[in-house]
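Please open the model in your viewer and keep the selection tool at hand. The tour goes from one selection to the next.

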Amino acid sequence: MRWNELEPEPGIFAALDHAGDRPEDGDQNEKRHWSENFANGCAVAIADAFRESELSDKSILPGSLAGGTEPLTPLGSGTQKRIDVTGTDAVLGLEVGVSLKGLNFRDKRTGNFDKNLTGRMYELTDEVRLVHEHLPHAFMVGVFFLPLPSVEDKKSGSTSSFARTVVKLRERTGRLDPALAGHAARCDLTYVGLYSSGEPPGIAKGACRFHNTQVSPPKTGRPKIDQTFSLADMIDGIVSRATYTEDIDWADSEEE
């Protein structure tokens, strides 16, 4: 399968509809407003996918756009944090959290999508650090959204904004042990979500694939479909990792 054969991802298509027309020539406030609406729609899409997974017995937020997004999550010691998507247990508290970031518009001067990438990375690591300092065993995931043209926004031979984002997220992913304070700022998993808003022509609006940052991206150009995930498959991978317990190979006892 190739990108031009993809069907729209329903939840992402709905998020684009919720955001409305893209203000390509708008000011920063208009672009920020569009990005916030798109992120809110994506949060509901991801939460809906969690509700169809093995975490369906947990409290998954947000419930809907009408019910509000970015739920305020208690972390303990009187500390609370707004996290885009949460899966909580009545006894254990926050089990899975997903932080959404994105760069949805080209920089007017360079035409690239990664002008504010460093700032977004700081936002993500600060958020994850705060959660892990209070809840070391909470499984935190970062999902970074980029428009599909970000795969070829640089001059020939240069690393695309998509590839650069994958590399930067990879550097901030993976904890050897939840008890290591030095790893508190690291996500447990990260993905880059590449979506089409109708550009480039020939690729369906709402088509979206998620790239695990542990998989090497092409330096420029679109990643192969078989090296990316649908929304449902990404959620299955997150749940599988978040709920993993190592099986013990018990030894036989001495015979009587």
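This is a predicted model: local features need pLDDT of at least 70, side-chain atom pairs count only at pLDDT 80 or more; totals for chains, interfaces and linings use all residues.

**The largest core.** Start by selecting F38, F50, F145, I235 and I238, the residues with the most contacts inside the largest nonpolar core, which has 34 residues. Next colour the elements that each supply at least two residues of this core: α1 (10–19), α2 (28–51), β5 (93–102), β6, β7, β8 and α5 (231–242). Which element gives the most to this core? Helix α2 does, with 9 residues.

**F145.** Now select F145 and show what surrounds this residue. Leaving aside neighbours within four places in sequence, F145 is in contact with I12, F38, C42, L100, K101, G102, L103, N104, G193, Y195, C208 and F210.

**Helix α4.** Move on to residues 161–170, helix α4. The buried residues here are S161, F162, A163, T165, V166 and L169. What covers them? The cover includes α3 (117–134), β6 (139–147), β7 (189–195) and β8 (208–212).

**H132.** Finally, go to helix α3 and select H132. Is H132 buried or exposed? H132 counts as buried because its relative accessibility is 4%, and the cut-off for buried is under 20%. A polar atom of the H132 side chain lies 3.0 Å from the backbone oxygen of A138. Not counting residues up to four places away in sequence, H132 touches A138, M140, R175, H183, A184, R186 and D188.

Conventions: Residues are numbered from 1 along each chain as its sequence is written. Side-chain values use heavy atoms; hydrogens and water are left out. Buried means under 20% relative accessible area, exposed over 50%, partly exposed in between (1.4 Å probe, protein chains only). Helices (H or I, at least four residues) and strands (E, at least two) are DSSP runs, numbered from the N terminus. Contact means heavy atoms within 4.5 Å. A polar contact is a pair of N or O atoms within 3.5 Å; within protein, one must be able to donate a hydrogen and the other to accept it, and residues adjacent in sequence count only if both atoms are side-chain atoms. A nonpolar core is a set of buried Ala, Val, Leu, Ile, Met, Phe, Trp, Tyr and Cys residues joined through side-chain atoms within 4.5 Å.
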